[in-house]
Amino acid sequence: MKLLKDRIMTEGRALSDTVLKVDGFLNHQVDPELMQAVGVDFYNHFKDYGITRVLTIESSGIAPAVYTAQAMKVPMVILKKQTSKILDGQVFQTNITSFTKGTSYELTLSKNYIHRDDKVLIIDDFLANGEAATGAARLVQMAGAKVSGIGILIEKSFQNGRSRLEQAGFDVYSQARISRLGEGIIEFLE
């Protein structure tokens with residue numbers, strides 16, 4: 001997606017060969033017009049997949065997932081990283097490890113917001129090693145629903161996330177695929 005790539009090039013900062021900072025428009029401050037364009041792009045890619053629900057992991061995936069769900073006219077569900085007292089045990093849970101933070105947490109999905117006949121689109125901000133998307137997919141499968149696709153804003157193609165997800169049988173669509181990062185260097189796959 002050219003608009004996203006242009007923003008990454010003008011405002012993104014490669015801090016190392018694995019870390020890309022995009023907090024000016026995605027994970028700290030959010031550009032709603034860009035996120036709306038991102039949502040429409042995901043809609044255009046997945047519109048014939050019969051999606052009934054969009055899922056994302058809190059918190060950076062929320063903005064693009066909301067606009068995607070709005071374009072698709074389906075509910076958006078947030079997977080929680082911390083267990084809430086109000087969920088009263090009616091949940092699916094799985095443990096995942098964050099590449100960026102280097103920490104593990106229990107990913108939680110309320111049983112009230114997914115059904116066996118759902119066709120789910122998972123939206124995530126970054127794809128590195130695929131741990132977050134794989135964890136989200138496990139929760140969908142625990143519910144007996146189907147992961148119909150995984151939409152990624154920024155893929156670090158030099159890491160193994162895409163191959164891990166594709167080997168598991170998932171359809172992955174990334175809007176910006178980065179082939180190389182280095183201090184001050186951002187290169188995309190063609």
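In this predicted model, the number of salt bridges comes to 10. Side chains of opposite charge can pair when their charged atoms come close. One of these pairs joins glutamate 11 to arginine 7, with a distance of 2.8 Å from N to O. Both residues belong to helix H1 (residues 2-11), and because glutamate 11 and arginine 7 are 4 residues apart there, about one helical turn separates them.

Another salt bridge is found between arginine 164 and glutamate 131, whose closest N and O atoms are 3.1 Å apart. Since arginine 164 lies in helix H6 (residues 161-167) and glutamate 131 in helix H5 (residues 131-142), this pair ties together parts of the chain that are 33 residues apart in sequence. Arginine 164 has a relative accessibility of 30% and is accordingly classed as partly exposed.

A salt bridge is also formed by the side chains of arginine 162 and glutamate 155, at 2.9 Å from N to O, and in this case both arginine 162 and glutamate 155 are buried. These two residues take part in a network of salt bridges that links Glu155, Arg162, Glu166 and Arg177.

Aromatic side chains were examined next. A pair of aromatic rings is described by the distance of the centres and the angle of the planes. The count of aromatic pairs comes to 3. In one of them, the ring centres of phenylalanine 42 and tyrosine 173 are 6.0 Å apart and the ring planes stand at 85 degrees, so the pair is edge-to-face. This pair links distant parts of the chain, as phenylalanine 42 is in helix H3 and tyrosine 173 is in strand E9, 131 residues apart. Phenylalanine 42 is buried, with a relative accessible area of 0%, and tyrosine 173 also counts as buried, at 18% relative accessibility. A further edge-to-face pair is made by phenylalanine 46 and tyrosine 49, with 5.0 Å from centre to centre and 75 degrees between the planes. Here phenylalanine 46 is buried, at a relative accessible area of 0%, while tyrosine 49, at 28% relative accessibility, counts as partly exposed. Taken together, Phe42, Phe46, Tyr49 and Tyr173 form one aromatic cluster. An aromatic ring also takes part in a contact of another kind, in which lysine 111 lies over the face of phenylalanine 92, at 5.1 Å from the ring centre.

The sheet was then considered. It is an open sheet of 6 strands, arranged in the order E4-E3-E7-E8-E9-E10, and the pairing is mixed. Strand E4 (76-79) and strand E10 (185-188) stand at the edges with a single partner strand each, so one side of each is left without a neighbour in the sheet. On average, and with direction ignored, neighbouring strands are turned by 25 degrees against each other. Within the sheet, strand E7 (residues 119-127) pairs with strand E8 (residues 146-156) in the parallel sense, over 8 bridges, and the bridge partner of aspartate 124 in E8 is isoleucine 152. Helix H3 (residues 32-46) lies across E7, E8 and strand E9 (172-182), and runs at about 135 degrees to E8.

Strand E3 (residues 53-57) contains threonine 56, which counts as buried because its relative accessibility is 1%. When residues up to four places away in sequence are not counted, threonine 56 touches Gly61, Ile62, Ala65, Met76, Val77, Ile78, Leu79 and Ile123.

Helix H4 (residues 62-72) has a set of buried residues, namely Ala63, Pro64, Ala65, Thr68, Ala69 and Met72. The buried residues of H4 pack against helix H2 (23-27) and H3, and also against strands E3, E4, E7 and E8. Just after H4, lysine 73 adopts a positive phi of about 60 degrees.

Conventions
Residues numbered from 1 in each chain as written. Predicted model: local features only at pLDDT ≥ 70, side-chain atom pairs only at ≥ 80, totals over all residues. Heavy atoms only, no water. Pairing = 2+ DSSP bridges. Helix = DSSP H or I, 4+ residues; strand = E, 2+ residues; numbered from the N terminus. Axes fitted to C-alpha atoms, helices over the stretch in contact; angles between N-to-C directions. Contact = heavy atoms within 4.5 Å. Salt bridge = Lys/Arg side-chain N within 4 Å of Asp/Glu carboxyl O. Buried < 20%, exposed > 50% of the residue type's maximum accessible area, 1.4 Å probe, protein only. Phe/Tyr/Trp six-rings, centres within 6.5 Å; stacked < 30°, edge-to-face > 60°. Lys NZ or Arg CZ within 6 Å of the ring centre and 35° of its normal.
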